[in-house]
Structures are given as structure tokens and as C-alpha cells.
Amino acid sequence: MNNIIEIDKLKKQYDGFALNEVSFHLQAGYIGGFVGPNGAGKTTTIKAILGIIRPDSGQVKIMGEEVKEGTAKEFIGVVMDNPFYVEDWRIKDVEAAVSPFYSQWNSTQFHSYLKQFHIQTNKKVKELSRGMKVKLQMAVALSHGARLLVLDEPTSGLDPVARDEICGMLQDFVSDENHAVLFSTHITADLEKIADFITFISDGEIWYSGTKDELLEKYVRISGNPREIPENQKARIIGYREHSTGFEGMIQATDSRQFSSKFLIEPVTLDEIIIFINKGRKNDE
Amino acid sequence: MQIIISNRSGIPIYEQIKTQIKEAIFSGELQEDDLLPSIRQLAKDLKISVITTTRAYNDLQEEGFVVNVQGKGCYVLPRDKEMIKENALLKVENGLLDAITAAKLGGISKSEVIQMLNVLCEEENYE
């Protein structure tokens with residue numbers, strides 16, 4: 001198995017927040033979605049992958065090599081929701097500023113992407129729309145021989161057309177089976193389409209990491225009349241919420257036999273899984 | 001061959017792919033030795049996960065419809081006559097069961113149902 005990302009028992013302690021033995025991996029040729037509520041530890045984990053923070057313990061390996069501060073960056077292309085380029089830079093200044101950091105910088109390729117994305121080189125960064133800023137970062141990331149693309153909220157604030165385009169570009173990127181994409185987002189509809197794997201983090205702990213299909217088949221959404229729930233079954237409902245006209249929650253698909261046809265049982269979405277898990281944790285507290 | 005995916009049917013996407021490829025094989029639209037689209041290409045075209053596509057193809061291989069040749073792609077296997085008959089029998093059975101259910105609900109007798117079947121066969125020139 002050809003793992004591009006391997007994270008093993010990663011720990012990082014902050015005031016009031018900790019990553020607790022985070023472990024997961026991502027194979028070459030696939031798109032991994034990274035989801036969880038705000039403050040769950042997504043960005044901290046990404047920073048550890050990029051070598052921006054030093055873990056307290058545990059290991060982060062990119063393409064088999066342990067990440068030390070500033071080592072793996074050549075192979076990683078980064079797309080953030082807001083680029084770190086100076087707003088007054090023109091696009092050609094962006095190239096001049098970033099290219100020295102990459103030994104395999106390919107200027108021809110960069111300009112062909114700019115052309116493809118309709119980005120004019122004399123424009124300033126601040127004159128670009130959100131979608132264009134994401135595409136500019138994609139152009140940079142795809143022009144220095146990156147094997148791994150790490151995207152932190154790239155599609156938030158983009159219109160459906162731009163999101164669709166970016167999803168297509170990610171599928172192209174992994175299609176030679178040498179590259180991988182780690183895609184952190186709140187727009188789970190994008191992941192529901194193209195992600196192969198999902199890693200779900202909640203309160204600094206990995207709650208699930210595996211194929212998306214298995215996750216979506218493992219749980220079902222249940223709703224109905226709260227008075228019909230057999231007393232010993234209520235504890236099985238994750239993220240239970242009662243309202244004036246009924247209840248809703250999530251159960252393991254294998255438990256659905258315990259509930260009669262009086263309940264509505266249907267497939268669950270990634271969004272709902274995130275909400276029910278979060279709600280479940282609050283109910284437990 | 002066409003594959004059309006519904007996101008709202010509630011049927012898992014890999015099932016939809018499997019069913020549609022099988023139907024194309026049964027109808028003769030896909031012939032022996034035809035090459036299926038590559039897993040990566042199909043995933044990209046349908047904007048779905050590679051894993052989902054892989055699963056559909058693996059299932060089709062296990063069920064004996066296609067064979068995966070390493071480095072070349074997925075080929076349609078010769079149609080097994082038994083398998084085709086089995087599939088047809090299943091369809092006939094399901095259709096008849098639907099008819100029986102409808103007859104029961106409408107208070108139509110068994111002999112009327114059989115009579116109707118005979119008439120319909122005659123009309124379709126099915127001997």
C-alpha cells in the first residue's frame with residue numbers, strides 16, 4: 001500500500017484544546033475528506049502535516065518521510081480559504097515570490113493554468129474573486145510537482161459552478177494514482193460526491209477514518225413518534241432530539257431491525273452525521 | 001452504453017452502476033469482449049468516488065459478468081445462458097407476483113387472472 005500521508009498517535013496540547021492520539025492515513029490515487037465541527041482539530045492536524053507546528057508526541061509521515069519543520073513542503077501543494085499572498089501583489093509578483101521555494105517550479109505550466117483559469121497576470125491579488133483566488137492557489141500548487149494537495153476550506157464561499165470545476169480538477173489530479181488530496185471542508189456535498197475516504201475528527205479525536213461508502217452505509221437516520229420507541233432501545237439513538245411533532249436521530253444500520261415500520265428509516269448524509277455526533281456528545285455531557 | 005446516476009433514489013450508487021451494466025449485458029448492448037470504461041474515467045465522468053466505481057466493478061467480476069485484466073481494463077465475459085434464463089425467470093416471477101397482489105386487492109379471482117394471462121399471450125402471439 002502506497003501511503004502519501006501517515007499519521008500515528010499525533011498529540012498536541014494547547015490551553016483548553018488537545019489533539020489526542022490522532023492516527024489516520026491516505027493512499028496515493030485517492031481523495032480524502034477531512035470533516036468535523038469547528039474547533040475539532042482539523043486545522044491543527046493540517047498544520048502538523050505542513051510542518052508548521054511541532055507535535056508533542058507521535059509521528060507525521062509524508063511519502064514515508066517524517067515531517068520536520070520545513071522539510072516536506074516541496075511535495076505538498078496548499079490551498080487555503082484565503083491565500084497568504086500580499087493583496088497588492090500582481091499575479092506575476094506572486095510567481096516571483098513563491099517560485100524560489102520550489103526546486104521543480106514549472107513556469108510554463110503555471111502560465112498555462114493561469115490561461116486555463118482565465119486569470120490575467122497584470123491583475124492584483126485583491127482584484128480576484130474568491131473563486132479566482134482559490135484557482136490561483138491551485139495553479140501554484142499544481143506547478144511545483146506536488147504529490148499531495150492539502151485544501152483547507154477551499155470551496156466555502158464559492159458558487160456551485162466554481163465548486164464543481166474544482167472538484168473536477170481534484171479528480172484529475174489523483175487520476176494518475178501517484179497523487180493524493182486531503183480536503184477539509186464544511187461543504188460536505190462536495191465530499192459526498194468525489195471523496196473516496198472520510199476522516200472524521202471530533203474534540204481532537206478521530207471518530208472515523210475509512211471509506212466514505214462504508215460510513216454512509218453504517219448509519220441510518222431515524223425519525224418518528226417518541227412514544228413508540230421501545231424503552232431499552234432509546235440509548236441506541238445517537239444525537240437524539242425531540243421536538244413538538246416527533247423525534248429524530250441516527251442509529252447503526254444493523255440496529256434498524258429493532259425498530260418497527262412505524263419509524264421512518266432513511267439514508268443519512270455526511271452533514272447529518274456531523275450534526276448527530278456533535279449533538280450526541282452534548283447529550284452525554 | 002449509458003449510465004445514469006440518481007442522487008435522490010436512495011439506491012446506493014454502486015448498485016445503480018451494477019444494475020445498468022448488467023442490463024446492458026442482458027440486452028446485448030454490451031457484447032462479449034467489450035471493454036468497460038476505466039474505473040478512473042467512469043468516476044470522473046459521473047463525478048463519484050473511485051472506491052464506489054471499484055466496488056461496482058469488483059461485484060460484477062465476482063458475479064461472473066466481467067473480468068478485470070491487470071493493466072488493460074475490464075472486459076465483458078461471454079453471456080452465460082443459464083444466468084440469462086435465471087434473470088428472466090426472476091423478472092417474470094416478480095411481474096406475476098405484482099399481478100397477484102393487484103388481483104387480491106381488487107377481488108379478482110384466480111381463474112380470471114389465468115384467463116387474462118392466456119388472452120394476453122394470444123394477443124402478443126406468444127405460444
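Author: Let's begin with strand S1 of chain A, residues 3-14, which pairs with strand S4 of chain A, residues 57-62, in the antiparallel sense over 5 bridges. Keep in mind that this is a predicted model. To find one spot in this pairing, look for Asp8(A), whose bridge partner in S4(A) is Gln59(A).

From there, follow S4(A) onward to strand S5 of chain A, residues 65-66: these two run antiparallel and are joined by 2 bridges. Here Ile62(A) has Glu65(A) in S5(A) as its bridge partner. Together S4(A) and S5(A) make a hairpin, with 2 residues between them. In that turn sits Met63(A), with a positive phi of about 50°.

Now on to a helix, H3 of chain A, which spans residues 107-116. Its buried residues are Phe110(A), Tyr113(A) and Leu114(A). These cover an arc of only 100° around the axis, and therefore lie on the same side of H3(A).

What do the buried residues of H3(A) pack against? They pack against two helices of chain A, H2 (91-98) and H4 (130-141).

Finally, have a look at both ends. At the start of H3(A), Asn106(A) brings a side-chain oxygen to within 3.2 Å of the backbone nitrogen of Thr108(A). After H3(A) comes His118(A), with a positive phi near 60°.

Conventions:
Residues numbered from 1 in each chain as written. Chains lettered and ligands numbered in written order. Predicted model: local features only at pLDDT ≥ 70, side-chain atom pairs only at ≥ 80, totals over all residues. Heavy atoms only, no water. Pairing = 2+ DSSP bridges. Helix = DSSP H or I, 4+ residues; strand = E, 2+ residues; numbered from the N terminus. Buried < 20%, exposed > 50% of the residue type's maximum accessible area, 1.4 Å probe, protein only. Arc of directions from axis to C-beta. Contact = heavy atoms within 4.5 Å. Polar contact = N/O pair within 3.5 Å; in protein donor to acceptor, adjacent residues only side chain to side chain.
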